[in-house]
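Here is a short report for a reader meeting this structure for the first time. Please look over the sequence and the model, then read on.

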Amino acid sequence: MKMMTKFVSAVVLSMTCAVSMAAGGSYPWDKAPNRLNDNAALQNGAKIFVNNCLNCHSAKSMRYSKLTEIGLTDEQIKKNLLFTGERVGDMMTIAMTRADGTMWFGAAAPDLSVMARSRSRNAGPPGGDYIYTYLRTFYRDTTKPTGWNNLAFPNAGMPHVLWDMQGPRELTSTVVQQVEKDGQPAWEKVTTVYDPEGYWTSNTEPLVGYNGTASETHRFKALDPQLARQYDSDMADLAAFMTWMSDPSQLKRKQIGVWVLLFLGIFFVVAWRLNASYWKHVK
Amino acid sequence: MAGEKQVETTGALGWIDHRFPLTSTIKAHLSEYYAPKNFNFWYFFGSLAMLVLVLQIVTGIFLVMHYKPDAAYAFDSVEYIMREVPGGWFMRYMHSTGASMFFVVVYLHMTRALIYGSYRKPRELVWIFGVGIFLTLMAEAFLGYLLPWGQMSFWGAQVIVNLFAAIPFIGPELAIWIRGDYVVSDATLNRFFALHVIAIPLVLLGLVGAHIVALHEVGSNNPDGIDIKAKKDIYGRPLDGIPFHPYYTVHDIMGAAGFFIVFMAIVFFAPEMGGYFLEFNNFIPADPLKTPPHIAPVWYFTPFYSMLRAVTDQFTWVMAAAAGIAAVMMFFKTKGFWKIAVPVILLLIAVTMRTVDAKFWGVVVMGGAVVLLFFLPWLDHSPVRSIRYRPSWHKTLYGIFFINFVILGYLGTQAPTDVFNLMSQIGTVIYLGFFFLMPIWSRMGEFKPVPDRVVYHAH
């Protein structure tokens, strides 16, 4: 009987996973704090990026020396961010080839130069929100080959590389869904708890007389809340850095833009008065 | 010397005028070209379209200096322009924003022509050259969109080139001939680059020249749709006309200033325009092995894309029925040889609509939606040009047409659902019905009297 329940809940779970996959990651994104104008945050993000991401992922459109635009000096870049004999003028490439990546991970880790931009949604949240959410919704799942799964990107190929920065966490997922019971549609609530080791227990309770909609809620409990809070802040910095990196001219662009519009505003007034002075004689 | 030209100018200008029609050209097209004095807001968009054309050519030249038309380098070379080339991001954003703004301006320019009847006799050729420009512009935009070599570039091109494969008999071969390969590839990228940078711009410039020459031959229409050449002063100048230079040059400078405020606000503060000017998916490099779940063309193609998607197998029943009704109507309306010929052709079309694959008819509807515009001067039978003197319900009809076009555009950006598909089918019927039934409805109703002189309120 116990085996039976486990089997059924596993089927249910795999079905809900399949659904969330098909929806292309329907998990709502958290709003990343806007730290684009905060150089200290961008520099911290750069440090985390170069130290952790830039081993499997490249950012081949990005030059190390570009980091001077977020306030780092060549000396600082050399001392803190270059480890294997690169020069400040080099691009952020990696030694791993795409073929290696495909062989080792099933799919080569994508280049991250413009990743933040590519994840933005039409007339919706920016890609930085996705990165912020993705890096904070890993949970241990022993059924996956990497031992990890992710809410924002179900069945992600990447394991939770930064797990030691976040500390152990427990996930409680509550899914309210409609199922077929004796040929009749019925509602049920499935509560699944993933412990910090990745072992899960699932509990299904029927909802009698429920007339709401299907829903999905996920709650993480950090065993080391302080560490997890610091991690959230670090990921906000990383998301900000990757957003900046995806279009490094954006800060300067917006500064120049103010002056351009100011000039055009004045030019428009001049053009408007010029036009009026010619046309006032036209009867 | 015998046969030497008599000119009024002296000095250097005189020397030139003896050998080249400089002064006379300036007079004919600017200082003594009389335009109606009652132009309103809608009349900015012609000169603005020229302005954007120049912007696209100039920024395009700088982009070509750094871009690499090679499938292995194209995507990275665009990022190279964005990061490494001084001012490269500015050129690139002006070019990408310019592409969308070109269509904004051209759509508004065409709207103006529609509501004021600027395509009516004697301006049929102005209109035909204009529709030619619109078609060429669509080709130019489509070809250019492949160049950044992102996922949307690649799959968009794949979808559109595959449309040609729907043509019976020659289709599949034609699609391969266009691509130069069995899939969109490096060969496709190279030829699209050549066409985008050389061939189409040359055609575009030629058509723009013809458009303006034709316009200056017959003179501009105006919001009242009145012929200003009918009333002239003792010097033979139109009473309601005003020299283009300086009056409309200073006017258009003001228009350009206003346009640049909008344009530069986009370039500097929202170059992606929320993913509608630069699609976010296009920042993922092209991957022939990974089809994106949702392939949407850029916004300016979406009304036509909706019409393409609307033509399902079921919808061909509607089209076949429409052709059948048209056959009956033409049988009673026409006389002589055409009484038999036209209905027979229409019935044959109705039959082929059910025998040839619906995909082909989708392509026909999409292409036909643009080609139909060429015939507009002969579809409109209203006794007045301007919407100002048409029956009020005509205005409602035009309003429905424009709103319908915008809705079709919205639907084209969305992933298809049953409801959306039905909506785009209704929208397609409205779009096609508006033009096909125009010979009937455009002469109906009570028209208002057209004044002798234009309506003009001094500034």
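## Two domains in chain B

In this predicted model, the centres of domain 1 of chain B and domain 2 of chain B are 25 Å apart, taken over C-alpha atoms. The domain assignment places domain 1 of chain B at residues 31-283. Domain 2 of chain B covers residues 299-441 in that assignment.

## Where the domains meet

The two domains of chain B touch. Domain 1 of chain B brings 24 residues to the contact, and domain 2 of chain B brings 20 residues. Which elements give two or more residues to the side of domain 1 of chain B that touches domain 2 of chain B? They are α5 (88-116) and α6 (124-146) of chain B. Of these, α6(B) gives the most, with six residues.

Sorted by class, this side of domain 1 of chain B holds 15 nonpolar residues. Five polar and four charged residues make up the rest of it.

## Where the chains meet

Chain B also touches chain A. The contact draws 32 residues from chain B and 33 residues from chain A. On the side of chain B that touches chain A, two helices each supply at least two residues: α4 (74-83) and α10 (244-269) of chain B. The largest share comes from α10(B), which gives 14 residues.

What is the make-up of this side of chain B by class? It has 22 nonpolar residues, along with six polar and four charged ones.

## Paired strands in chain A

Now turn to chain A. Strand β5 (residues 169-181) of chain A runs antiparallel to strand β6 (residues 184-194) of chain A, and eleven bridges join them. One bridge can be picked out by name: A:Val176 is partnered by A:Lys189 in β6(A). The hairpin of β5(A) and β6(A) has two residues between the strands. In this hairpin, A:Asp182 takes a positive phi near 55°.

β6(A) also pairs with strand β7 (residues 200-207) of chain A. This pairing is antiparallel too, over eight bridges. Which residue in β7(A) is the bridge partner of A:Trp187? That partner is A:Leu207. The hairpin of β6(A) and β7(A) has five residues between the strands. Here A:Gly198 takes a positive phi near 95°.

How values were computed. Residues numbered from 1 in each chain as written. Chains lettered and ligands numbered in written order. Predicted model: local features only at pLDDT ≥ 70, side-chain atom pairs only at ≥ 80, totals over all residues. Contact = placed C-beta atoms within 7 Å. Helix = DSSP H or I, 4+ residues; strand = E, 2+ residues; numbered from the N terminus. Nonpolar A, V, L, I, M, F, W, Y, C, P; charged D, E, K, R; others polar. Pairing = 2+ DSSP bridges. Domains from an automatic or database assignment.
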